[in-house]
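Colleague: Could you take me through this model? I am new to it and would like to go topic by topic.

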Amino acid sequence: MTDRTIGYIVGSISSTSLNRRLAKALERLAPEGTTLVEIPIKDLPFYTPDFDGGFPEAARDFKQAIDDVDGVVIVTPEYSRSIPGVLKNALDWSARPYGQMSFNGKPTAVIGTSQGGIATAAAQQHLKAILSHYNAPTLGQPEGYVQATPGLFSETGEVTNDQTADFLVAYLQAFNALIDRYAHVPVAA
Ligand SMILES: Cc1cc2nc3c(=O)[nH]c(=O)nc-3n(C[C@H](O)[C@H](O)[C@H](O)COP(=O)(O)O)c2cc1C
């Protein structure tokens, strides 16, 4: 397998985010040759078409960061049975200016954690619909529904449950296989 870089977006800007802990766990558990780097979204202003004539630096950096990686994992909480507004705002930036969709052809995977039993499943379905519109190939299996129990992830991403750690390794391996599959597929304009 060739070396690759996977970007991750955390769909929460909470200072105590459980999903950030999950992202850190993925970073720790990355298979050999795979590096995970964060693509930050917290400095993005609210998107408006008024910016289409000249994107601010934070938005240019955000789109460049997506261009620079081999695939993107979106690690998101569920808010009101959908994705948080901060994540939707970031996705809207990625889709503009018109004709320059950052996720076009980019391999993606979605995963998330919450204390609730459905573990962000509703949010992930909405997110997959958006990624499909962007023409982004998205990992179908395994699905990334991680129920957070107290102490499951430390702040620095240690995982206290072996089954969860094994699942996250398998999840990243499956995403690497998806990235390999699309490595030589030409991207439609
Ligand atoms: C505005 C709001 C809406 C929420 N809606 C849901 C929801 O629909 N489903 C769910 O499982 N949890 C929901 N939660 C609880 C979140 O899953 C929980 O706060 C989680 O820790 C947020 O992720 P984070 O810690 O990474 O920020 C909601 C929380 C907030 C603040």
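Colleague: What classes of residue make up the shell around the ligand?
Modeller: In this predicted model, the shell has seven polar, three nonpolar and two charged residues. Here Ala, Val, Leu, Ile, Met, Phe, Trp, Tyr, Cys and Pro count as nonpolar, Asp, Glu, Lys and Arg as charged, and the others, Gly among them, as polar.

Colleague: Which residues surround the ligand?
Modeller: They are S12, S14, S17, L18, N19, P77, E78, Y79, S80, R81, S114 and Q115; a residue is listed if one of its heavy atoms lies within 4 Å of the molecule.

Colleague: And what lies 2.8 Å from an oxygen atom of the ligand?
Modeller: A backbone N or O atom of R81 does. A polar backbone atom of L18 is also 2.8 Å from a ligand oxygen, and an N or O atom in the side chain of N19 is 2.8 Å from a ligand oxygen.

Colleague: How much of the ligand does the protein cover?
Modeller: The protein covers 67% of the 620 Å² of accessible area that the ligand has on its own, by the Shrake-Rupley method with a 1.4 Å probe.

Colleague: New topic: is N89 buried or exposed?
Modeller: N89, in helix α3, is buried, with a relative accessible area of 11%. Buried means under 20%, exposed over 50% and partly exposed in between (1.4 Å probe, protein chains only). Helices are DSSP runs of H or I with at least four residues, and strands are runs of E with at least two, numbered from the N terminus.

Colleague: What lies 2.9 Å from a polar side-chain atom of N89?
Modeller: The backbone oxygen of P45 does.

Colleague: How many aromatic pairs are there?
Modeller: A search of the whole structure finds five. Rings of Phe, Tyr and Trp (its six-membered ring) pair if their centres lie within 6.5 Å; planes under 30 degrees apart count as stacked, over 60 as edge-to-face and the rest as tilted. F103 and Y134 are stacked, because their ring centres are 6.0 Å apart and their planes at 10°. Both F103 and Y134 are buried.

Colleague: What about F167 and Y171?
Modeller: Their ring centres are 6.1 Å apart with planes at 40°, so that pair is tilted. At 25% relative accessibility F167 is partly exposed, whereas Y171, at 1%, is buried.

Terms used
Residues are numbered from 1 along each chain as its sequence is written. This is a predicted model: local features need pLDDT of at least 70, side-chain atom pairs count only at pLDDT 80 or more; totals for chains, interfaces and linings use all residues. Side-chain values use heavy atoms; hydrogens and water are left out. A polar contact is a pair of N or O atoms within 3.5 Å; within protein, one must be able to donate a hydrogen and the other to accept it, and residues adjacent in sequence count only if both atoms are side-chain atoms.
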